Amino acid sequence: MVSAATTLLTARNLQTGYRSGAKKIVVAGGLPELLLQSGQLICLLGPNGSGKSTLLRTLGGLQPPLDGEIHLGGTDRWTPATLARKISLVLTDRVRGNNLTVDSLVALGRYPWSGWLGGLNATDMACIEWAIRVTGIGSLRDRKIHTLSDGQNQKVMLARALAQDTPILMLDEPTAHLDLPSRILLMRLLHQLARETRKAILLSTHELDLALQVADEVWLLQSGGQLRSGAPEDLVLNGSFEYAFGGEEVVFDKGSGNFLIYTPQDKPVRITGEGLTLFWTRRALRRAGFEPVADAGLHIRIAERDGQPIWLVEHQGQTREYGSIQKLLQALA
Amino acid sequence: MTASPLKKVRLTGLLLLLLLAFLLDLSTGTVNISLKEMLRVFFSPSTADPTWQFIVKEIRLPKAFTAVLAGCGLSVGGLQMQTLFRNPLADPSILGITAGASLGVAAVMLAGGSMATLYAIKELGVSGSWLIIGAACLGAGAVMLLVLILSRRLRDNVMMLIVGIMIGSITLALVSIWQYFSNPEQVKDYLLWTFGSLGGVTGGQLSMLAIVVVIGLIVAFLSNKMLDALLLGENYARSMGLSARKARTVIICSTSLLAGSITAFCGPIGFIGIAVPHIARFLFNTASHRILIPACCLIGTTLLLLCDTFAQLPGSQTVLPINIITSIVGSPLVIVLLLRQTTAHPW
Amino acid sequence: MANKHRHLFLQVEAFKIKNGLLCTPIDNHVDMYLIRSFARLFLLVFTLSALSCRQVTSDKTSPATGENRPFPTKSRIKYAQNFTLDYFDDYKEVKILNHSAGKSDTLDFLLLPAGVAVPEGHAHAQVIRIPVRSMIVMGSPHIAQADFAGVADRVTGVGDGQYVFNPVVAEGLRTGRVRQVGLETNLNNELVISIRPGVVMTMTNPDAAFGEYKTLLDAGIPVLPNADWLETTPLGKAEWVKLMGALTDREALVDKKFDSVVQAYLHLASIGKTSAAHPSVIIGMPFKGTWYTPAGGSYVAQLLRDAGAGYHWSDTRGTGSLSLSFETVAPEALKADFWLDAGDIGSRQDILAQDSRYGAFRSFQSDNIYNYNRRVNAAGSSDYWESGAVNPQRVLADLIRILHPGVLPADTLFYYKQIK
């Protein structure tokens, strides 16, 4: 077991939102106590408009809370400069061309530590090198920012945040715009960083399945500002996900940890079989509007012949045989 | 972040170019003075023709120094504005500071109504070119104060930009009203002022301008770290510990000092402030303000000296207004640079 | 201090600005275009109606001239180049000419005594009923012309009162008999119409956008460009008093006075021109690095020649001013004996306040700087621009006394003052 986690950030009675003149526009009101602990990767999940970004920006010090207090390292009185040595951010803000090279952008991460005129010492250089190495962007060093792909850009922004060398790292939807492999790689990198550097990493994301895999803790923000936190598995089992995301149109499948695109329909079917073939057959039938049940007039049996799966449809005493899921679906349609 | 050898070579090359441009500006004029005479003026003043001595030392030298100060100040001011607002079209006049100076000048030059004011000021013992400069400084200072007060209340640099442009247009509208009610003669004087001139700054005025511009440049250079951080946008800058309001205040102060004083002493000089930062980024291929600020000084100065040389119109006894030349010479330069740029985003 | 007529030769430039450049900052090119097109049309119509009699000097009288006609004295124009005056049986005809820019546009005016009908073929001429008993004048020289003709009390409106030097008009302004109607660019049309003047005299270039006076013309108020500043000789400029004479039926008095002005001027000029020495002079003061100095064909250059001054740019072409760089003028300025018309300055200190480099001029060191600000009113406006326009002999006498001490009987200067 890793060494005991220390609490880096505590937020109490937090109310997030915006001020417009004298008017307060509350985004999230009844937030419970929020803790960021070292070595933890926390995923902030929630439907669109639930206030994930606002919460992240509030915790990150970019906007003041409407109410409540945020304790950082034992104090809730921090200046932007001290905050910058505690929390680094990766935002959705797109950094445009500006003639910036990857190298100098990452070096900007040393801003809170470098001298008045921005001179860099050996420690600074070492931090920059490390950040570039762990994010694997060494080959991009001399590239201009505006020539990077989205995935590369995200890595560079992460490197900049790592160069800032803060115990807390917050990322606002870092996986947006990335393709699936890049998303997985990024999540794995963050997971490793949390383990190895003992940083507390908070990220907001829509990648439910990835979050369930890597998060030590999930903060589930609902539209309306309620937040449930806990280990991802607990939240699945106690129905929090369904509660947060669920509606008449969207269904969370506890069995797979996924949302179902197609709402189940009233066509019961009994499926027997095993392994992967069973799993994918069920998916296909769901898509086609069937609901797998324990007993039904329609029975699909998965068998094997010459090492290849075959599908046997038993209905009203007749049995037909199909060689692929596609043919099966065509027959059932 | 640090200057590479290549960049040092380029900076040195620019410095040499600047010296050449300075000498070229000194040696050209509507009066023909041979190089021999010129050398005599500097190295053997006792044997030099006093007329040439006057022309070189009292006319050309102050003009060249003014070009150096204005070239540095305007281009660095433009760089700061372009970075602060992350807008390639920003220039030192964008906050309305220049318009403020114009308003001050209009107040003393235009409309019969200001005769009384003028008389009062004359009674106070301020007259001549100092009067115009004083009025321009007051106008620029008033607008700067207004911009600063508003900037404390605004969170966002984009809002700041809009407010600045609005203040500028209000100020210019006031000037237009003043023009409308003025004599053609007065309007002509005012128009002449708006053409800009490097030739009217001498003696005590030059020292005064130099002090203010140097202060503005020092503030700009000291804020190079802030400017770098602002390249990432306000949110990132704030996340790195930069107080957006503080940075804005420092940068606006520096730019106002530069643009306000130069406009007050030389009249509005356009183009340099907007174009030179682009040229500097193109030549040095960097975003680091530690390099861009000195680069802008060198390029801006060289460009303004060359423009002043061109303004002499060889063979003619007339000098074209500098504000016209900067645009005529400079705009094609920027277009050429943009066309030559291989990557898609110059900015 | 922005004196209304800092440099008269600058006025030419100024009017160019007014008619051309001025619209640039105001940003209404379309409006200006319309106004100009209208003015062109206007002028074309005038020109067509006047094609037959395009003569500069007016030695032509009506074929039917008789002894008992209403105009016993007929002024003849000798020096002025920019207007003509012709006498017919029962009316006078004035043409304002414009030779500038290679054009010769003409504005036609009929001066009709009360009750006389507009003669045939003049449908498009402006009609001025004579004698004029009330006039609104925009320029300082107009006031001087009225005073010259002895009708200063008929001035009922001026452009801007603070420039007025003439005591009669100044007193009228105080009592309210004379009204301020605003500058030409911003004329208070309603006030002008309510005054119902016999004529409005403007300083406008005859070629200028005449459309801006359409309201007044529609109201039946004639607008006469009294552009004496177009003249290139001091006597030509002064001769515009004859226009005032014709408008007020005072030709006899005006001709007599003008003849004596001419005599005095020519006498002084013969003294000046033949003087032994021709001390060198510089004129004006640079502004923002550009030195505007009178061109050789300007009336100022003519005055300098007549005064026996050595003026470096005396042989240059052009009737306006030359825009020279400070550097171009500097070799002359450094060694010139005299510095005249140095602009809005009252003391040597003022000169140094403008630019400390002027202290190096010989004229500065030898205290030979003279300005035409001996007679200024409270607002700092100089009578030089007012009565000086019709008294060139006084200006010339001043110049000769300054440049050639002892040549004329000792007397104080009239317009000029030594800058101390």
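Mentor: In this predicted model, two strands count as paired if DSSP finds at least two bridges between them.

Trainee: Which residue stands opposite A:Thr272 in E15(A)?

Mentor: Strand E13 of chain A covers residues 267-272, and strand E15 of chain A covers residues 299-305. The two run parallel and are joined by 3 bridges. The residue of E15(A) that stands opposite A:Thr272 is A:Arg301.

Trainee: In what order do the 5 strands of the open sheet in chain A stand?

Mentor: The pairing in this sheet of chain A is mixed. From one strand to the next, the twist averages 35 degrees. The order of the strands is E14-E13-E15-E16-E17.

Trainee: Why is one side of strand E14 and of strand E17 of chain A left without a neighbour in the sheet?

Mentor: Strands of a sheet pair through backbone hydrogen bonds, either parallel or antiparallel. Strand E14 (290-292) and strand E17 (318-322) of chain A each have a single partner strand, so one side of each lacks a neighbour, as both stand at the edges.

Trainee: What angle does the direction of helix H11 of chain A make with that of E17(A)?

Mentor: Helix H11 of chain A spans residues 325-332 and packs on the sheet. Its contacts there are with E16 and E17 of chain A. The angle with the direction of E17(A) is about 140 degrees.

Trainee: How many charged residues are on the side of chain B that touches chain A?

Mentor: The contact takes 27 residues from chain A and 25 residues from chain B. Helix H10 (224-230) and helix H11 (234-239) of chain B each supply at least two residues of the chain B side. That side divides into 9 nonpolar, 11 polar and, as the charged count, 5.

Technical notes:
Residues numbered from 1 in each chain as written. Chains lettered and ligands numbered in written order. Predicted model: local features only at pLDDT ≥ 70, side-chain atom pairs only at ≥ 80, totals over all residues. Contact = placed C-beta atoms within 7 Å. Helix = DSSP H or I, 4+ residues; strand = E, 2+ residues; numbered from the N terminus. Nonpolar A, V, L, I, M, F, W, Y, C, P; charged D, E, K, R; others polar. Axes fitted to C-alpha atoms, helices over the stretch in contact; angles between N-to-C directions.
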